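Here are a few exercises to work through with the model open beside you. Try each task before reading its solution.

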Amino acid sequence: MTGKQKDIDDLREAAPLLPAGTRVNVTFLGNENLEMRIAASKAVLELGFTPVPHVSARRLHSEAELTEFLAALQEIGASKHIFSVGGDPAEPMGPYGSSLEVIQSGLLPQYGVEDVSIAGYPEGHPDIASDVLWRELEGKAVSLREQNLSGVILTQFGFDTDPVASWVNDVRGRGIDFPIRIGTPGPAGIKRLINFAKRFGVGANAMIVKKYGFSLTNLIGTAGPDKFITELGDLLAAKESAGDVGLHFYTFGGMTATSKWAQEFTARQEAAK
Ligand SMILES: NC(=O)C1=CN([C@@H]2O[C@H](COP(=O)(O)OP(=O)(O)OC[C@H]3O[C@@H](n4cnc5c(N)ncnc54)[C@H](O)[C@@H]3O)[C@@H](O)[C@H]2O)C=CC1
Ligand SMILES: Nc1nc(=O)c2c([nH]1)NC[C@@H]1CN(c3ccc(C(=O)N[C@@H](CCC(=O)O)C(=O)O)cc3)CN21
């Protein structure tokens, strides 16, 4: 969720549909400020869920901004889990150019951080070379271990299961055994899904979206991840050592829509057994 009031209201509406303790990520975008980020994390806690506030390295103007944010999170009891991510600005706004630099600052444990999510890219990243992504991922795994922090890899969302399955294989092949949560789009309007895919450099060509369950020639209506999840489950089950792999939902169509969808999906799975 973002720090916007509409997302807090949406979470409140979705709350009865979600298991207690569900991890809810709270963004760190350019159009939010500290108060909004803290208010959103606080709302997540008050509704009985686990906030995972994002710390966007390249958006930080100073070390003081980082420590002020971490201190404010700790103060409300929301600093245990964070998502440490690079951030989209083409040039860093302050001292941190990457999430590895934030992690290596050694500041996180001083503010009660125990568990750090980091980003993964099954399809690569439009502006970052693949060897750089791997080197940084391995660096983060090492630094987290050195600081006795647990790690989780949270992937960019996608519509194509093939790159996801082969990327999980590669992560394990490099000896990284962190739990992996596959970024999965919640049900949302097709236009909205396509726009977010474009914005973040995620593959959504005619073939991929057809497999996912919609068509580029009919943008009316919504699309959910039913087929994506089923296929991914089959692909990973066929691998020997996928390890701990789960899902993370990006709720582009809202938390309530995704929560309702998840309940119905689970019910259908149960009925089919
Ligand atoms: N908010 C979210 O849920 C997600 C955001 N992202 C975005 O993906 C990008 C990479 O994130 P991380 O893997 O954490 O990167 P990172 O901080 O680990 O950086 C990896 C390497 O790429 C460089 N780099 C980082 N961000 C860059 C950018 N925007 N443009 C050019 N070079 C960059 C860094 O200097 C470093 O060498 C960021 O733009 C991030 O915001 C990716 C996935 C999810
Ligand atoms: N490279 C990259 N950068 C990101 O910031 C990013 C990713 N990838 N991958 C997916 C997640 C999801 N992100 C999201 C998801 C939803 C909204 C969102 O709902 N935005 C509101 C407000 C739009 C605005 O004012 O900017 C919306 O109603 O669309 C924003 C960012 C950010 N994320």
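**Exercise 1.** Sort the shell around ligand 1 by residue class, then find which residues come nearest and which elements give two or more residues.

*Solution.* Start with the classes: in this predicted model, the shell around ligand 1 has seven nonpolar, eight polar and four charged residues. Next, look at distance: of the 19 residues around the ligand, Val-85, Gly-86, Ser-98, Ser-99 and Ala-119 come nearest. Finally, turn to the elements: α4 (99-104) and α5 (130-146) are those that give two or more residues to this shell.

**Exercise 2.** List the residues that surround ligand 2 and divide them by class.

*Solution.* First, collect the shell: Thr-2, Thr-27, Asn-31, Asp-88, Gln-156, Phe-157, Phe-200, Tyr-250 and Phe-252 surround ligand 2. Then sort them, which gives four nonpolar residues, four polar ones and one charged residue.

**Exercise 3.** Describe how helices α6 and α9 pack: give the angle, the axis separation, the handedness and the residues that meet.

*Solution.* Begin with the geometry. Helix α6 covers residues 161-173 and helix α9 residues 226-237; the two pack at an angle of about 35°, and their axes are 10 Å apart. The crossing of α6 past α9 is right-handed. Now for the residues: α6 brings Thr-161, Val-164, Ala-165 and Val-168, which meet Phe-228, Glu-231, Leu-232, Leu-235 and Leu-236 of α9. By class, this contact holds seven nonpolar residues, one polar and one charged.

**Exercise 4.** Is Pro-187 buried or exposed, and which residues is it in contact with?

*Solution.* Locate the residue first: Pro-187 lies in the loop between β6 (180-185) and β7 (188-189). Count its neighbours next: Pro-187 is buried because 22 C-beta neighbours lie inside 10 Å, and the cut-off is 20 or more. Then, leaving aside neighbours within four places in sequence, list the contacts of Pro-187: Thr-222, Ala-223, Gly-224, Gly-253, Ala-257, Thr-258 and Trp-261.

Methods: Residues numbered from 1 in each chain as written. Chains lettered and ligands numbered in written order. Predicted model: local features only at pLDDT ≥ 70, side-chain atom pairs only at ≥ 80, totals over all residues. Near = placed C-beta within 6 Å. Nonpolar A, V, L, I, M, F, W, Y, C, P; charged D, E, K, R; others polar. Axes fitted to C-alpha atoms, helices over the stretch in contact; angles between N-to-C directions. Helix = DSSP H or I, 4+ residues; strand = E, 2+ residues; numbered from the N terminus. Left-handed = near helix turned anticlockwise from the far one by under 90°. Contact = placed C-beta atoms within 7 Å. Buried ≥ 20, exposed ≤ 12 C-beta atoms within 10 Å, placed from the backbone.
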